[in-house]
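Reader: I am new to this structure and would like to learn how to read it. Could you walk me through a few features?

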Amino acid sequence: MSNQSSVEILTEWDIVAARQLGRNVAKELGFGTVDQARITTAISELARNIYLYAGQGRIEIQQLTENGVKGILIIAADQGPGIPDVRRVMEDGFSTSGGLGAGLPGVKRLMDEFKIETIPGEGTDIRATKWLR
Amino acid sequence: MSNQSSVEILTEWDIVAARQLGRNVAKELGFGTVDQARITTAISELARNIYLYAGQGRIEIQQLTENGVKGILIIAADQGPGIPDVRRVMEDGFSTSGGLGAGLPGVKRLMDEFKIETIPGEGTDIRATKWLR
Amino acid sequence: MVHKIENQYKEILNQYMQRQSEQNLYVGQNFSRQLISENISPEEVISVHKAAMQEIYKELPDVVWHSFDFLIEMMINYGLALQERQSLLQRQEEIRVEMDLAANVQETLLKTKLPALKGLDIGLLSIPARKMNGDYIYFISDEEGHAGIAVADVIGKGLPAALCMSMVKFGMDSLNNSPASPSEVLGVINRVVEKSIDDSMFVSMFYGRYDASTAALTYGSAGHEPAILYRSKTGEFDELYAKGLLLGVSPAAAYEEHTVQLEENDLVIMMTDGVTEGRTDEGFIEREVIFELIQQKKDEPAQTIVQHVYDELERMQNAELRDDFTLVIYKKV
Amino acid sequence: MVHKIENQYKEILNQYMQRQSEQNLYVGQNFSRQLISENISPEEVISVHKAAMQEIYKELPDVVWHSFDFLIEMMINYGLALQERQSLLQRQEEIRVEMDLAANVQETLLKTKLPALKGLDIGLLSIPARKMNGDYIYFISDEEGHAGIAVADVIGKGLPAALCMSMVKFGMDSLNNSPASPSEVLGVINRVVEKSIDDSMFVSMFYGRYDASTAALTYGSAGHEPAILYRSKTGEFDELYAKGLLLGVSPAAAYEEHTVQLEENDLVIMMTDGVTEGRTDEGFIEREVIFELIQQKKDEPAQTIVQHVYDELERMQNAELRDDFTLVIYKKV
Ligand SMILES: [Mn+2]
Ligand SMILES: [Mn+2]
Ligand SMILES: [Mn+2]
Ligand SMILES: [Mn+2]
């Protein structure tokens with residue numbers, strides 16, 4: 001079962017809209033305050049990456065149910081330049097040492113599952129899931 | 001100019017007494033709440049080290065004035081077994097990875113100046129200073 | 001500066017207290033990144049928060065202020081852990097610089113010269129999984145048209161493997177550029193390895209000696225991944241297998257050698273297990289997949305074939321190399 | 001578990017709210033260590049704090065609860081930074097293990113056999129400043145009573161230096177245990193180094209060849225710290241200086257050699273600059289200090305003298321080695 005909705009990311013305001021959408025869904029699913037804030041932060045980070053590096057893209061939020069467990073899936077998709085060196089971007093300290101924010105390792109930590117597909121010149125597709133414990 | 005007072009460390013209660021003495025002096029000198037808490041934590045750590053590893057010793061608190069700048073000096077002295085490998089004890093992660101507390105690197109970070117003298121079998125003398133900015 | 005932060009914080013908090021909107025939380029969170037980058041500790045954040053609340057809501061009961069004081073005390077150890085992160089990041093950077101330098105030294109140390117041999121087109125690639133390479137390619141050649149090509153793999157990765165590899169190189173150097181027969185070469189290196197490294201370290205090696213005048217390839221193996229011979233005429237792939245213990249196991253080990261006759265456009269494919277033991281989410285990559293990749297480019301120069309195989313295998317594995325990857329292809333032209 | 005923590009927290013907070021004593025803060029701070037060790041993030045602490053306050057002080061106005069919500073949002077990035085610390089600590093531990101393993105490999109790789117020579121008592125010590133040693137001692141000896149003793153130092157420390165050193169070892173190995181004359185040995189190693197490493201890496205080396213039948217020592221140096229000769233009869237210390245470029249600078253470099261005649265109880269002291277360039281808080285340690293230390297133990301076995309010098313110099317420097325430390329003393333007995 002899945003239930004979806006999405007936000008196009010074009011301006012910085014859309015980041016806020018994506019956050020709001022994610023927080024609403026998370027709340028509705030029954031996530032506590034701290035997890036709501038974590039899910040929202042992950043969305044914020046992904047939306048900001050689209051806004052800063054791809055120019056435009058889309059954040060999609062899906063409600064999941066698997067084996068009776070509910071969860072939230074964030075999809076961040078863009079047709080931007082792609083990430084040339086994924087290994088490096090996923091390294092600790094690469095994006096955070098300057099305090100630039102959580103970076104992709106941060107998103108991975110905030111969520112339970114994380115998957116990235118990127119093709120240089122074609123775009124990036126990131127999927128991150130958090131399950132309701 | 002210096003003004004001193006001290007607490008013998010024999011029981012865990014004495015750790016609290018040393019903390020109280022340090023916090024009072026820090027407050028009196030004009031340190032803010034956060035710095036008071038940091039100085040107190042440093043004292044706590046040093047007193048706990050004495051209590052745990054030397055069995056007994058002394059925490060001494062001195063008020064300092066140097067070139068018109070006020071400061072607080074903590075002296076932790078014991079006649080315990082000494083520290084066989086100071087280099088290792090001052091390494092990050094050595095004492096903190098198990099969440100055992102700030103350790104000596106923590107004390108060094110909480111204060112502005114830090115000096116350690118230790119002789120195996122004879123004891124340890126640690127001096128840590130924080131200046132009022 | 002602290003004053004500026006206090007004012008900014010009060011401003012942002014005040015906005016949020018007026019209206020608990022996502023917008024205001026977004027602004028707050030962005031501000032928290034700035035605080036981290038300025039090394040503001042969590043206990044300071046609580047302290048600034050308390051001060052801001054005191055200005056905005058003077059009338060709140062004392063229990064609220066005491067509660068913040070308690071939080072400040074609780075956060076001191078968290079602040080220390082964060083400072084530790086800073087110094088760990090710095091230490092990590094220092095190690096990275098040292099490793100890069102060491103990888104450079106290793107590269108210069110282990111460099112080998114591609115032989116220019118009539119009738120043989122050689123392509124090669126050796127990519128370490130981490131900083132330091134535990135795979136190794138070594139060429140020997142003489143004036144009379146003989147070329148020796150060795151591919152070796154230290155069991156293990158990283159630094160310890162890289163240190164061992166320097167030994168193989170100097171063992172090969174001691175042959176003074178005379179491409180001897182495989183059983184001789186493997187015997188010499190086996191004794192060097194056996195003498196110089198401890199019992200837990202082993203090296204596998206495949207050695208082929210090509211004679212340009214007869215187009216015959218004589219090969220031997222010390223517990224190494226067999227090479228593959230692609231027959232242009234039939235389109236078939238044959239294993240070049242030879243019996244022999246890993247280097248370093250026993251000083252008395254003996255090494256078989258076999259000879260094959262190369263025909264025009266035949267390919268000899270030497271590699272390490274990093275090529276054949278790649279894994280995707282679905283499991284190991286089948287040998288047939290690699291054969292397929294080679295066939296796709298068989299009419300191109302050897303280097304193009306090598307690069308194609310690497311690119312495709314890397315893509316299948318999501319750019320995650322689990323082991324050092326070394327591939328040498330030579331083509332009889 | 002989370003429930004247990006919430007209850008404990010409420011209990012401790014409640015105590016503090018009743019009485020703002022140092023005792024209660026001490027209990028709270030000890031509890032915060034436990035929270036960190038259980039990977040409870042700062043945003044969770046604020047959340048637990050808020051819940052506890054809500055239970056104890058239901059009647060507080062909404063602004064208080066909003067204020068905690070804002071703090072939770074502010075702490076998320078702090079929590080992430082803390083998780084990063086955990087993975088950095090783990091990574092640091094992995095690197096430590098790899099370095100230890102590499103240091104072992106290096107030790108086995110570079111091991112050299114002390115020659116048992118009539119009339120010569122040898123003591124030695126080589127201590128790296130970091131994990132990997134960039135100093136090196138190598139012995140050669142033959143059946144006819146000749147012993148070659150080399151002490152080398154790669155310019156630089158750590159990993160890159162250690163990798164270079166393996167090259168010196170294999171260069172020495174290529175001499176096949178025949179203790180040739182210093183100018184020959186230094187010439188051979190110079191060409192190996194020049195060929196194999198890049199222009200930024202140099203090695204200094206002192207080489208002495210002792211002839212047991214005549215008690216003559218012939219020595220040469222490639223830009224290395226001069227050795228010292230202690231004359232037992234006069235109690236004087238003489239420098240054993242020989243002209244020669246660092247190894248690796250120029251393939252054409254030539255190396256001088258000189259010969260001295262050893263008398264009974266004379267000491268030859270070979271070392272690296274890690275011995276002479278030790279520093280205390282007061283500045284460099286004077287050579288005379290080292291001479292003094294040697295004289296104190298001159299009648300003891302060579303190993304005792306070496307150990308005494310190291311122990312005393314280490315003590316003077318507060319156990320902080322700035323450079324690899326290598327000392328070889330041989331005594332004519
Ligand atoms: Mn390997
Ligand atoms: Mn391998
Ligand atoms: Mn050195
Ligand atoms: Mn040195």
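Author: Gladly! Let us begin with metal sites: donors are N, O and S atoms within 2.8 Å of the metal (3.2 Å for Na, K and Ca), and water is not among the atoms, so sites may look incomplete. This is a predicted model, in which local features need pLDDT of at least 70 and side-chain atom pairs count only at pLDDT 80 or more, while totals for chains, interfaces and linings use all residues. Residues are numbered from 1 along each chain as its sequence is written, chains are lettered from A and ligands numbered from 1 in the order in which they are written, and side-chain values use heavy atoms, with hydrogens and water left out.

Reader: Which residues coordinate the manganese ion (ligand 3)?

Author: D153(D), through OD, and V154(D), through O, coordinate this ion at 2.2 Å.

Reader: Are D153(D) and V154(D) buried or exposed?

Author: Buried means under 20% relative accessible area, exposed over 50%, and partly exposed in between (1.4 Å probe, protein chains only). Both D153(D) and V154(D) are buried.

Reader: How should I read a sheet?

Author: Strands of a sheet pair through backbone hydrogen bonds, either parallel or antiparallel. Strands (E, at least two residues) and helices (H or I, at least four) are DSSP runs, numbered from the N terminus, and two strands pair if DSSP finds at least two bridges between them. In chain D, 5 strands form an open antiparallel sheet in the order β2-β3-β4-β5-β8. Its edge strands are β2 (135-141) and β8 (258-261), each pairing on one side only. Within chain D, β3 (residues 146-154) and β4 (residues 203-211) share 9 bridges, and G148(D) has R209(D) as its bridge partner in β4(D).

Reader: And what about salt bridges?

Author: Side chains of opposite charge can pair when their charged atoms come close. Here the criterion is a side-chain nitrogen of Lys or Arg within 4 Å of a carboxyl oxygen of Asp or Glu. The structure holds 50 salt bridges over all chains. One of them links R33(D) and E45(B), with the closest N and O atoms 2.5 Å apart. R33(D) lies in helix α2 (residues 22-37) of chain D and E45(B) in helix α2 of chain B, so the pair joins two chains. Both R33(D) and E45(B) are buried.

Reader: Where else do side chains meet between chains?

Author: R85(C) and E84(D) meet in a salt bridge (2.6 Å, N to O). This pair crosses from helix α4 (residues 62-110) of chain C to helix α4 (residues 62-110) of chain D. R85(C) counts as buried because its relative accessible area is 4%.
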